[in-house]
Amino acid sequence: MSKATSEPVNVRILDREYTVGCEPDERDSLMAAAKLLDAKMREIRGSNRMAALDRVAVLAALNLAHELQQLRDDGSSRNGEIERTLAALQQRLDDVLAR
């Protein structure tokens, strides 16, 4: 079995082009991530075209990291609910089978 090799992919973020290495099967995901980052940075920059690029990038990264953390927290909460529901169902099955 051969391992996929990294290929160069060009992405455009805030009118600047970057070349990054990416596995062929991850290209679409990388392009979507670049589009999301570009949109977030444009939103933060707003009409202030003179905003420092590094500040815009850090704020965009912070916003995206915060959204990711919220999704993780929500997922953990849902997992806890699912585990409690499954435990209750298992107990009900055990009760029925014990009769």
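Helix α1 has 19 residues, which at 1.5 Å a residue should span 27 Å, and its end C-alpha atoms are 27 Å apart, in agreement; the expected span is 1.5 Å times one less than the number of residues. The model is predicted: local features need pLDDT of at least 70, side-chain atom pairs count only at pLDDT 80 or more, and totals for chains, interfaces and linings use all residues. Residues are numbered from 1 along each chain as its sequence is written, and side-chain values use heavy atoms, with hydrogens and water left out. Helices (H or I, at least four residues) and strands (E, at least two) are DSSP runs, numbered from the N terminus.

**Helix α1: faces and end**

- The buried residues of α1 are A34, D38, K40, M41 and R45; buried means under 20% relative accessible area, exposed over 50%, and partly exposed in between, with a 1.4 Å probe and protein chains only.
- Seen down the axis of α1, these buried residues fall within an arc of 170 degrees, so they line one face of the helix; the arc is that of the directions from the helix axis to the C-beta atoms.
- D28, S29, K35 and E43 are exposed on the other side of α1.
- The buried residues of α1 pack against β1 and α2.
- G46 follows α1 and has a positive phi, near 55 degrees.

**Charged residues among the buried positions**

- K40 lies in α1, which covers residues 27-45, and K40 is buried because its relative accessible area is 11%.
- Leaving aside neighbours within four places in sequence, K40 is in contact (heavy atoms within 4.5 Å) with A60, N63, L64 and E67.
- D38 also has its place in α1, and D38 is buried, with a relative accessible area of 16%.
- Not counting residues up to four places away in sequence, D38 touches R12, I13 and L14.

**Nonpolar core**

- A nonpolar core is a set of buried Ala, Val, Leu, Ile, Met, Phe, Trp, Tyr and Cys residues joined through side-chain atoms within 4.5 Å.
- The largest such core has 9 residues, namely V9, V11, I13, L14, C22, A34, M41, V56 and A60.
- At least two residues of this core come from each of β1 (7-13), α1 and α2 (53-98).
- β1 gives the largest share of this core, 3 residues.
- V11, a member of this core, is in contact with R16, E17, Y18, L30, M31 and A34, leaving aside its neighbours within four places in sequence.
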